[in-house]
Amino acid sequence: MLDYIRKLQDNIYLAEIPLKGNPLKAINIYIIKTDDKNMIIDTGFNTEEILDYTKAFIKDLDLDLDKTELFLTHLHSDHTGLANFYDDLGVKIRVSSVDEQILEESMEKEDPHWVLTQELGHMQGLDIDGLDIEDHPGFKFRPRKKFNFTPANPGDHIQVGDFNFEVVDLSGHTPGMVGLYDKEKSTLFCGDHILGKITPNIQFWNYEVGDSLGTYLKNLEKVRDLNIKHLYSSHRFLIDDVAERVEELKAHHQKRLDEAVNAMTKKDCTVRDITKSLQWDISAKNWDEFPKSQKWFAAGEAHAHVEHLRALGICDFYKDDDGVLYYYLTDKK
Ligand SMILES: [Zn+2]
């Protein structure tokens, strides 16, 4: 077997593919290989290098693509970037309707998703950072054209060999992230819902999706209460103790919420102000040194935290004449 492929249990393989220059370091692509059907979970970015890795693992594991399906846990480009490669070969692609809709709206720079991302940047106070959508990794490595798909929505069942998967709602990290859970085999493919070492990025999407951190925390507890022996995450090492990791992730977000409240006790804050006041696990010494690509994510994450506080009634916002949002603690006013 190739050195980046490991067999994890009967019929399940992991191909760990490097994501060069990205803080995520690598993506874990899972392959379920059975006599009658195979399933590949996620794709990696749309780059030549990852395409070469992909072709190599397909050959090495001797996967017959005529009996292979691709399952996309969520819309992010490190999970969907090569969807067109599989689609062109006639592979059936499953993706949740919610994330598929956003993907369809993010093909071109002028499409609603990227227009909204730029509007949010303005509302968050990021104009002075001179960010361009071209710096956004989600934009850079996106799939370039629409692909055929079959919806995979919470509650659906998918059979792969002896695996009887239920599609489970893991929204939070994206509005439509889904996992594959086999109750009898206590196995969950969880996408980016729970990761080892790093904390999944929780973004503010828009006011229709609303409190994405609240949704995420609720789905963390849901997964903690499932019976899971094998948790297969999309990045970094595999987690043994799911309940312990869930508690660590909850504590991480609580600390950030406290930091955001603290910042608002001093003055009314833009999302950019809140972002700068949070602690980030990144080598950059200060906000000016943050890579532009990461400023998008950091501000989106800070925004998700203040919106969670707003959902709890702890803060609210007003808009200045320019449309920039200012958040303040409600008990102060
Ligand atoms: Zn992701």
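This is a predicted model: local features need pLDDT of at least 70, side-chain atom pairs count only at pLDDT 80 or more; totals for chains, interfaces and linings use all residues.

**Stop 1: a sheet.** Show the cartoon and pick out the open sheet of five strands, which runs in the order E8-E9-E10-E11-E12 with mixed pairing. Its edges are strand E8 (157–160) and strand E12 (230–233), each of which pairs on one side only. On average, neighbouring strands here are turned by 25° against each other, direction ignored. Now zoom in on E9 and E10: four bridges link them in the antiparallel sense.

**Stop 2: the zinc ion.** Which residues coordinate the zinc ion? Select His 74 (NE2), His 76 (ND1), His 173 (NE2) and Asp 192 (OD); they sit at 2.1 to 2.4 Å from the metal. If you like patterns, the donor spacing along the chain reads H-x1-H-x96-H-x18-D.

Try the angle tool next. The four donor atoms subtend angles of 81 to 168° around the zinc ion, which makes the arrangement irregular. A tetrahedral label would need all angles between 85 and 135 degrees.

Are His 76 and His 173 buried or exposed? His 76 has 17% relative accessibility and counts as buried, because the cut-off is under 20%. His 173 is buried as well, with a relative accessible area of 4%.

**Stop 3: Ser 106.** Go to the loop between helix H4 (97–104) and helix H5 (112–123), where you'll find Ser 106. This serine is buried, at 7% relative accessibility. Skip its neighbours within four places in sequence and show its contacts: Asp 111, His 113, Trp 114 and Arg 142.

**Stop 4: the annotated domain.** Select residues 26–235, which UniProt lists in an unreviewed entry as "domain: Metallo-beta-lactamase". Over that range the chain is 29% helix and 22% strand, and the end C-alpha atoms are 6 Å apart.

**Stop 5: a hairpin.** Finish at strand E13 (residues 315–319) and strand E14 (residues 325–329), an antiparallel pair joined by five bridges. Cys 315 stands opposite Leu 329 in E14. Five residues separate the two strands of this hairpin, and in the turn Gly 323 has a positive phi of about 90°.

Definitions and conventions: Residues are numbered from 1 along each chain as its sequence is written. Side-chain values use heavy atoms; hydrogens and water are left out. Two strands pair if DSSP finds at least two bridges between them. Donors are N, O and S atoms within 2.8 Å of the metal (3.2 Å for Na, K and Ca); water is not among the atoms, so sites may look incomplete. Four donors count as tetrahedral if all angles lie between 85 and 135 degrees; four count as square planar and six as octahedral if opposite donors are over 155 degrees apart and all others between 65 and 115; anything else is irregular. Buried means under 20% relative accessible area, exposed over 50%, partly exposed in between (1.4 Å probe, protein chains only). UniProt positions are given in the numbering used here, feature names are shortened, and annotations may be inferred rather than shown by experiment. Contact means heavy atoms within 4.5 Å. Axes are lines fitted to C-alpha atoms, for helices over the stretch in contact, and angles run from 0 to 180 degrees between N-to-C directions.
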